[in-house]
Amino acid sequence: MKFVGVTSCPTGIAHTYMAAEALEQAAKDAGHEMVVETQGSAGSDPIPQSVIDAADAVIFAHDLPVKDAHRFAGKPTVDVGVKRAISDGPALVAQAVAAAADFKANPAKAAAAAAAAPVGGLATKVDSSASLGTQIRQWLMTGVSYMIPFVAAGGILIALGFMLAQVALGENGAIDITKYDIVAKDAAFSIMDSFNPFSLTMWAALLFRVGVAAFGFLVPVLSGFIAYAIADRPGLVPGFVGGALAGTMGAGFLGGLVTGILGGLVARWISRWKVAKGVRGVMPVVVTPLLSTLIVGGLFVIVLGRPIKALMEALTNGLNGLGVGGGLALGLVLGAMMGFDLGGPVNKVAYTFATTGITTAGLATNAPQFKIMAAVMAAGMVAPLAMALATTLRPKLFTEPEQENGRAAWLLGASFISEGAIPFAAADPVRIIASSVVGSAITGGLVMAFGATSRAPHGGIWVLPLIGNFLLFVLALAIGVAVTAGIVVALKSRDHSLADAAA
Amino acid sequence: MSLISQTQVILDLAAPDRHEATRTLATTLVADGRCTDLDLFLSDVRKREEQMATGLPGGIGIPHARSAGISTPSLVFGRSREGIDWGAEDGPATLIFLIAAPDGGGEAHLAILAKLARKLMRKEFRQALTDAATEAEVVEIIEREVVNA
C-alpha cells in the first residue's frame, strides 16, 4: 500500500524528524511505501498533491495542528500524537492498513469523507505556528490574493466599456452608457433584449455591465477567502454570505474584512465542537454552515446596520453644514473621505454629496457644485494611481499578486475606479488607508483651490471633454498621487527594515 | 562550525537527575561560545521537558530547545552506564543527546539537526555509539553518519 503522513512537534527540531524516520522505516519493513512531510523548523517540503491523491491512507503524528490539512481530506486517517510514532511506528502502520481496508470495504464511509473534502484543494498562505499578527496578515493576504483577479477583470472591463462608449456616443458616452443594464425595464436599454453585434454602444454597455457584475464579487470573495484561510472549508459559507451582506449594506471592503474574520473564527469554533458520533457526519455539510452563517449574518446586520446608517447620516449632515461654498476646507474633507474606505460608506457619502450637487438645474459652468465634483473625482483617482506608482517604483515592497494588481491599477485609477486600490488596503489597512487619506485630501483641496471643474459624475480620463481647467486638475491629481505613493513607500520600507533587523 | 567536537562528548556521565545531567552536558558548550547564556538555555530546555519528558523507548533521552542563549546548532553526547531517568516508560536513558539550536536560525543550519534526529531512530547508529571506546570515535561516527552523510 501507499501511505502519506505529517509529523510535527512543539520545538520542531527532534521529534518531528524521529517520528518521520520511524514511520518510514516501519512502512518499509512491512512492505509499504510511505512519504512523510516533516512540518518542523528546518522547513517542510509539501508532499506533491498527486502523491497524496494516490495514497491509501494518511498518518498524522503531530503535536501541532497539521498545516493545510485540507490537502489530505477524504482519506482514511490515523491521527495520533508525535510520540506514538516514535515509540510504536509499526503499530501505526498496521492501523493505517486496517483503516484503508475498512474504507474500501465500506463505501458509505468513504463517500461521507469525500463529501467533506475540498474541491481541488484551494491554497492558503497560512502558517498556523506564526504569531497572531503574522497570522492575521496571512488571513488578509489569502483573501486579497483571491480578490485581485476580480478587481483586474472587472476594472479593466469597466474602463474598456467607458472607452468604447466615448467612441460610440461622443463626449457624454461614459455617462450615458450607465443607463444600459443587462435587464432593464425599457427594452431599448436592456442588453438582453436589444443586443446587436453591429452596435458599438451595445458592446460598450455589455463590457461595462459584465465588469460591474465582476465587481459585485469583490467584497464577498475577499470576505469568503479570509474566512477560508482561518477555518478551511467550513469558513466559506459564512465568509461569502457575510461579505455579500456587507456589500448590500454599503459597508465596503472594511465591512468585508469584519465579516471574513468573524465568519472564519465562528466557523472554526463550531467545527471544533465535540459532538456525538451520529451528528458528526452532518456537521460539515449542514450544521457548521447553517449556524455560522446565521450568527455572522445576523450579528453583522443587527449590530453594525444602524451604526453604519447613523455614520452616513452624520457625515451627510456635516457636509451639508459646510455647504457647497465650503471651498478649500470642503475639498480637503471630501478628498479625505474619498480616500478613506474606497467605495465604503464614508466614500459613498462624499460621492453622493458631489453627484447630488451637479444635478441642480441651471448651474453655471464654473458653479461650485462642479468644482466639488472635480475634487471628489480627482481624490477618488489618487489611491489606485498611487498604488500603481508605488509598485512600479519599489516592487520589492509588494507581493507578486500586488505587483500584478499594480499594473492594472494604472488603468483603473485613470478611469476613477477607486476599487483598484482595495487589494492593497485590505492586505495592509492601517498604512494604506493613512497614506491614501493624506494624498486624497491634498488632491481634493488643490482641485477646489485651482478651480478645476467636472460636469461628469464618473469616468476619469474618459470624460476629459467635460472637465474644466484640465491641466490644473491633472496637476492636483499628480501631487496627491506622489504624496500617497511616497508615504506608502516610506511606511513599508521602514517596517521592512525593522523586520530584517529582527530576523 | 561542525555539530560536535570531542569536548562535547561525556562517555561516563554521572548525575542525580536529568536536570543536573543536562547542566553538565550544556556546560561543555560555554567555553567555545556555542552557548552564550547557560541559564537561559537551561531554562528553555527545562520548559520543553516540562511540556513532556523527552525520554524515548530504548534508553534514549533527547533534551533539546531552540534558545536565544545558543549561537551555533550543536550536539552534546552523554553516555551513562547505570542510566538516568528521562521520563520514558520502559526505563532510564543510557544515551543522551542534548540538542541545542539557535532561536530563529536559518533553515539550512537546522537541517543538520533534522538529519541527526532521523539517525537516532537507527539501531545501528545507537549501537555504534554505545560501543564507542573514545570521544574521538563518537565524534567520528557522528561526523560520518550525520554531517557528511
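1. Buried area is the accessible area, taken with a 1.4 Å probe, that two parts lose on being put together, summed over both. On that basis about 2000 Å² is buried between chain A and chain B, and carbon and sulfur atoms give 66% of that area. In chain A, the residues Ile13(A), Met18(A) and Lys83(A) lose the most area to chain B, together 30% of what that side buries.

2. This is a predicted model, in which local features need pLDDT of at least 70 and side-chain atom pairs count only at pLDDT 80 or more, while totals for chains, interfaces and linings use all residues. Residues are numbered from 1 along each chain as its sequence is written, chains are lettered from A and ligands numbered from 1 in the order in which they are written, and side-chain values use heavy atoms, with hydrogens and water left out.

3. Counting contact as heavy atoms within 4.5 Å, 19 residues from chain A and 24 residues from chain B take part. Between the two chains there are three salt bridges, a salt bridge being a side-chain nitrogen of Lys or Arg within 4 Å of a carboxyl oxygen of Asp or Glu; over all chains the count comes to 17.

4. Arg118(B) forms a salt bridge with Glu21(A), the closest N and O atoms being 3.0 Å apart, and its side chain also meets that of Glu24(A) at 3.2 Å, N to O. Arg118(B) lies in helix α3 (residues 107–120) of chain B and Glu24(A) in helix α1 (residues 15–29) of chain A, so this pair joins two chains. Helices (H or I, at least four residues) and strands (E, at least two) are DSSP runs, numbered from the N terminus. Glu24(A), at 25% relative accessibility, counts as partly exposed, where buried means under 20% relative accessible area, exposed over 50%, and partly exposed in between (1.4 Å probe, protein chains only).

5. Within chain A, Arg209(A) and Asp181(A) form a salt bridge whose closest N and O atoms are 3.5 Å apart. Arg209(A) lies in helix α9 (residues 200–215) and Asp181(A) in the loop between α7 (173–176) and α8 (191–194), so the pair ties together parts that are 28 residues apart in sequence. Arg209(A) counts as buried at 16% relative accessibility, whereas Asp181(A), at 29%, counts as partly exposed.

6. Strand β3 (residues 57–62) of chain A runs parallel to β4(A), and four bridges join the two; strands pair if DSSP finds at least two bridges between them. Val78(A) and Val80(A) form the covered face of β4 (residues 77–80), and Thr77(A) and Asp79(A) the uncovered one.
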